Amino acid sequence: MFRQSLNVAKAQLARGYATAAPTKAPIALFGINGKYATALFQAAAKTNALSAVESDLNNIEQRLSKNARLEEVLSSPLLNKAAKEQLIDSLGKRSDITTHFFKTLVENNRLNETRAIITAYKSLMEAERGIVSVTVTSANRLAGKDLKDVKDSLTKGGLIKNFKEVNVVNKVNPSILGGMVVEFGDYTIDMSVSSRLAKLEKLLTDSIAV
């Protein structure tokens with residue numbers, strides 16, 4: 001099943017992963033969070049501050065995890081920009097790059113993307129170290145052999161290459177009913193039963209509406 005979808009996805013994804021180069025992101029990420037994370041990565045790379053920024057983001061993520069209310073307040077449109085900057089400053093000492101970056105998020109009203117940006121930055125750092133993480137979501141826990149088959153399909157099929165290590169993590173979500181959803185980088189390969197049923201339902205609905 002996975003191998004059948006491989007060829008369909010390959011053309012779309014082939015250009016998603018780029019060769020690492022100075023001040024350039026090792027993988028291409030898209031969406032708002034991907035663009036901001038990439039900009040932060042490139043700025044940090046220019047001043048050899050990748051690890052320092054990573055540490056800053058880890059600390060901020062830990063503070064947010066311990067205080068759900070804090071994250072809610074930061075994302076609130078009711079809080080003015082000056083108050084948000086003060087709240088960010090209260091999270092602890094950070095490098096200049098991280099400080100300026102969060103001021104940009106405040107200015108652009110993007111603090112609500114903080115969690116997603118941190119996750120995206122972690123993906124960039126993993127790729128910089130030659131590691132790519134793959135999440136396989138299934139209705140039931142997959143056996144080690146199944147996860148190895150997915151890993152082999154991605155690496156031998158050419159969707160993931162130029163990485164020293166591929167980490168495959170299995171997440172269980174009964175709502176997908178069957179099949180699997182494979183996610184890595186900024187890409188998703190949806191082979192779930194629920195997705196197929198949704199497409200079938202739409203097809204039937206469209207046919208009836210004609």
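Modeller: Before we look at the rings: those of Phe, Tyr and Trp count as a pair if their centres lie within 6.5 Å. Keep in mind that this is a predicted model.

Biologist: Thanks! Which residues do ring pairs link into a cluster?

Modeller: Y36, F101 and F102.

Biologist: And how many aromatic pairs does the structure hold?

Modeller: There are three. One of them joins Y36 and F101, edge-to-face, with 6.3 Å centre to centre and 75 degrees between the planes. Y36 sits in helix α2 (residues 31-46) and F101 in helix α6 (residues 96-107), so this pair ties together parts 65 residues apart in sequence.

Biologist: Is F101 buried or exposed?

Modeller: F101 counts as buried, because its relative accessibility is 9% and the cut-off for buried is under 20%. Y36 is buried too, at 17%.

Biologist: What about F41 and Y121, how do their planes sit?

Modeller: That pair is tilted, with 55 degrees between the planes and 6.2 Å centre to centre. F41 is in helix α2 and Y121 in helix α7 (residues 114-128), 80 residues apart. F41 has a relative accessible area of 1%, and Y121 is also at 1%.

Biologist: Switching to the surface, which residues form the nonpolar patch?

Modeller: L177, L197, L200 and L203, with about 390 Å² of accessible area together. L203 belongs to helix α9 (residues 193-209) and is exposed, at 53%.

Biologist: Last one: which residues of α8 are buried?

Modeller: L147, V150, D152, S153 and L154. Helix α8 covers residues 144-156 and reaches 18 Å from its first C-alpha to its last. After α8 comes G158, with a positive phi near 90 degrees.

Methods: Residues numbered from 1 in each chain as written. Predicted model: local features only at pLDDT ≥ 70, side-chain atom pairs only at ≥ 80, totals over all residues. Heavy atoms only, no water. Patch = residues over 30% accessible without salt bridge, like charges linked within 9 Å, V, L, I, M, F, W, Y side chains within 5 Å. Areas by Shrake-Rupley, 256 points an atom, 1.4 Å probe, with all protein chains shown as cover. Salt bridge = Lys/Arg side-chain N within 4 Å of Asp/Glu carboxyl O. Helix = DSSP H or I, 4+ residues; strand = E, 2+ residues; numbered from the N terminus. Buried < 20%, exposed > 50% of the residue type's maximum accessible area, 1.4 Å probe, protein only. Expected span 1.5 Å × (residues − 1). Phe/Tyr/Trp six-rings, centres within 6.5 Å; stacked < 30°, edge-to-face > 60°.
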